[in-house]
Structures are given as C-alpha cells and as structure tokens.
Amino acid sequence: MMPKPPPAQQVIPLDSDAVLAWYDRHARTLPWRVSPADRAKGVRPDPYRVWLSEIMLQQTTVATVGDYYARFTALWPTVAALSGAILNDVLVEWAGLGYYARARNLHACAQTVVRDHTGTFPDSAEKLLTLPGVGPYTAAAVAAISYDERVAVVDGNVDRVLARYLALPVPVRDAKDLIRHTVQAAVPERSGDFAQALMDLGATICAPRAANCLLCPLSQGCAGRRLEPLAFPVKAEKPERPTRYGHAFIMRDADGDVFLRSRPDKGLLAKMTEPPVSDWVSAKSEPDFPVAADWRHHGQIVHVFTHFRLELEVWSVTVAQPEALADGWWADPRRLDAEALPTVFRKALAAAGL
Ligand code: SF4
C-alpha cells in the first residue's frame, strides 16, 4: 500500500521565530534583496526588482541570474523604462536565460503594470496573479517580499526543506497541499523575511546534497532529521525525455555575413532569431537544403529542452546569390551578441565556426 503523509494536524508547526533569528544572522546578500537589518530600519524592497529577480530565477540559479539582473536594471531601472523598451531588445538581453516566453511575458507584464496599475505593482498575491506571466508562486513571492502579505511562498528549495521536515513518504508533487498548509500556518508578520529565510535555508543549510542539521533552526521539529534527511524528498518517476532530430543551415555571403531570420510568432522560441532550420522530428532524416550548393557538414550539436532533447546536424555554405534569400537578414558575425539568438542556435553557429 502507498505510504501516506502525516495528517496536517499532527505536524509540528515550523518555528518561525527561530527561522527569522537565523535569517537575521545568516541572510545571503543578493543584489535584489533588502537585508533584514535594512528592512528593520524601514527600507522597503522595490516590487519591480523583486518581480524581475523572481521571473529570472525560475528554472535558473542565483549565480547565473546575477549578471542578467545587473544588465536589466542598468538598462531599465524602473517598470516604466522596461515597459517602454523594444521587445527585441529585451529578448536580446534575455538570450541565454532560456524559456523565452518568460521574456515576452516580462515585457507584457511591465506594460500592463504601467497601463492598468499606474506603474505600481499590485499589493496582493490575488491581484498580482492577474498580470501576464505571473503564476501563483511569483505572485506570492512578490506580495510577501515587497508588501509583507502573509502568504506562503513555496519554491523548489522550500519543497525540499518541507519534504525533509515532514519526512514525506511520497513525492513532493503528491503533498503540495500539506506543504503549503504547513508553511502558511507558520507565516509571521515579517512574512517577506520569512519567505526569503526558507529559500536561504534550502539553498545553504538543507541543500540538495547535504543537510547541515546541527545548524538548522528547524531541527527541533524536523522528522527527516531523525531518519535520513537525504532520503527526502522521495523521487517521483520521471517520464523519459524523447529525442528529436533536425538540421541547421548556416549560410554566409561573400563578406562572411550570416543569414538569420525570425522564428514564428507562436510556439517554441517564438519570435526569437535563428539560422534557417528544418522541422524537428522524431526520426533522423536527410537534410532538405534551402539552396542547392556544396554544403559542408559540421557534425551535431545536442540541446536539452524541458520536454525533449534535440540533436541538430549543422551544415554551412557560402551562397552564390545572397539576394535570392528572403524573409531574413544578413548579420555581421562579430555582432551576433546583439541578436536575440537562443543558446541552441548559438551552439549551432559556434559549431560552424561563428
Ligand atoms: S533539520 Fe536537517 S533535514 Fe531538517 S530541515 Fe533542517 S537541515 Fe533539513
């Protein structure tokens, strides 16, 4: 029989006082964060910066986000500035962070805040949820951190901490309600600091491959500590990631410029920039070259998307009649950084020596 998580009423409440005391001493210094000491002096976080960092941090590490956050806030220091940016400029700056729908939503959200909310982020999770690209997690995080709304903020780190704290015998996805309930029941007045404290605990003390229970402010009530902390969270069976296959065609003119085009408005990597590519299909196929020429094969690059793995054969050629190519543009290879090229296509261009 499937084991069951403990009923909510049997859970020892999280000790929010101990968590906050720990946070006051050990909070990580992050560019978008107001330290607990400054917070105590009355400094308020800027909801724009909280929101921006939270969108960037989805599926990405703090270390990766740092440079992007610095560039975005230098280019667009306010939500009004971001809302007035050209979408392509935002996509160019985002390139490399992946999940490009987030960049498009980021821009749309900034425009909505300026147009419908007089340039001020709404002050509750419920209202924040109505913004483009803002899901329940981001809404809760922005509301708690910016406005101290007393809502539970549960990200992947917090899921892990709670899976251990509760010694959950089932995968996290099967105990979401219990985790949320346990966190929500403990949310104190300083809810923004509490939310960030739990994130920090998960990132530093109760980390994926190590649990430093001796230093942990939750150790008193932690059930996982008395068992084997690293046995939690229990892993969920993952569906296998299928492989798709395709070809990328790198065309250059006599000056060495490379032919690029925009992807369609909808679908994966919508509106991003690419060299011409074939469809990505479930079986290997022969290349259908866009122009008849003596193509050179540069081998294969592999890129892993969330739902599939892509094997892309990379081909290049110098075209005799560049003017015959329509629906794209010729780009100086020294200026490819200014193009909204996702990582997968940067890999393909690099394989062809660009
Ligand atoms: S006591 Fe150990 S296992 Fe429990 S939450 Fe803290 S670090 Fe994680």
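Tutor: A residue is called buried when its relative accessible area is under 20%, exposed when it is over 50%, and partly exposed in between. The structure above is a predicted model, and this definition can be applied to it directly.

Student: Which residue lies 200 places from Ala18 along the chain, and what separates their C-alpha atoms?

Tutor: That residue is Leu218, and the two C-alpha atoms are separated by 7.3 Å.

Student: What makes Ser124 count as buried?

Tutor: Ser124 sits in the loop between α7 and α8. Its relative accessibility is 14%, and buried means under 20%, so Ser124 counts as buried. Leaving out residues up to four places away in sequence, Ser124 touches Ala143 and Glu149.

Student: How do you know that His107 is buried?

Tutor: His107 has a relative accessible area of 8%. The limit is under 20%, so His107 is classed as buried. This residue is part of helix α7, which covers residues 100-116. Beyond its neighbours within four places in sequence, His107 contacts Leu82, Ser83, Ala85, Ile86, Leu87 and Val90.

Student: What makes helix α3 mostly covered?

Tutor: Ten of the eleven residues of α3 (residues 47-57) are buried. Among them are Pro47, Tyr48, Trp51 and Met56. The buried residues of α3 pack against α4, α5, α6, α7, α9 and α12.

Student: What is found at the two ends of α3?

Tutor: At its start, a side-chain oxygen of Asp46 comes to within 2.9 Å of the backbone nitrogen of Tyr48. Just after the helix, Gln59 has a positive phi of about 70°.

Student: Why are α1 and α12 called roughly perpendicular?

Tutor: Their axes are 9 Å apart and meet at an angle of about 70°. Angles from 65 to 115 degrees count as roughly perpendicular, so that term applies to α1 and α12. On the α1 side, the contact is made by Ser16, Val19, Leu20, Trp22 and Tyr23; their partners in α12 include Phe194, Leu198 and Leu201. By class, this contact has nine nonpolar, three polar and two charged residues.

Student: Which residues touch the most other members of the largest nonpolar core?

Tutor: That core has 68 residues, and Trp51, Met56, Trp94, Leu106, Phe121 and Trp280 touch the most other members. Leaving out residues up to four places away in sequence, Phe121 touches Pro47, Tyr48, Trp51, Val79, Cys109, Val113, Leu128, Leu131 and Tyr147. Another core, of 32 residues, lies apart from the largest one, and includes Ala152, Tyr165, Ala175 and Val183.

Conventions: Residues numbered from 1 in each chain as written. Predicted model: local features only at pLDDT ≥ 70, side-chain atom pairs only at ≥ 80, totals over all residues. Heavy atoms only, no water. Helix = DSSP H or I, 4+ residues; strand = E, 2+ residues; numbered from the N terminus. Buried < 20%, exposed > 50% of the residue type's maximum accessible area, 1.4 Å probe, protein only. Contact = heavy atoms within 4.5 Å. Polar contact = N/O pair within 3.5 Å; in protein donor to acceptor, adjacent residues only side chain to side chain. Core = buried A, V, L, I, M, F, W, Y, C linked by side-chain atoms within 4.5 Å. Axes fitted to C-alpha atoms, helices over the stretch in contact; angles between N-to-C directions. Parallel < 35°, antiparallel > 145°, perpendicular 65-115°, else oblique. Nonpolar A, V, L, I, M, F, W, Y, C, P; charged D, E, K, R; others polar.
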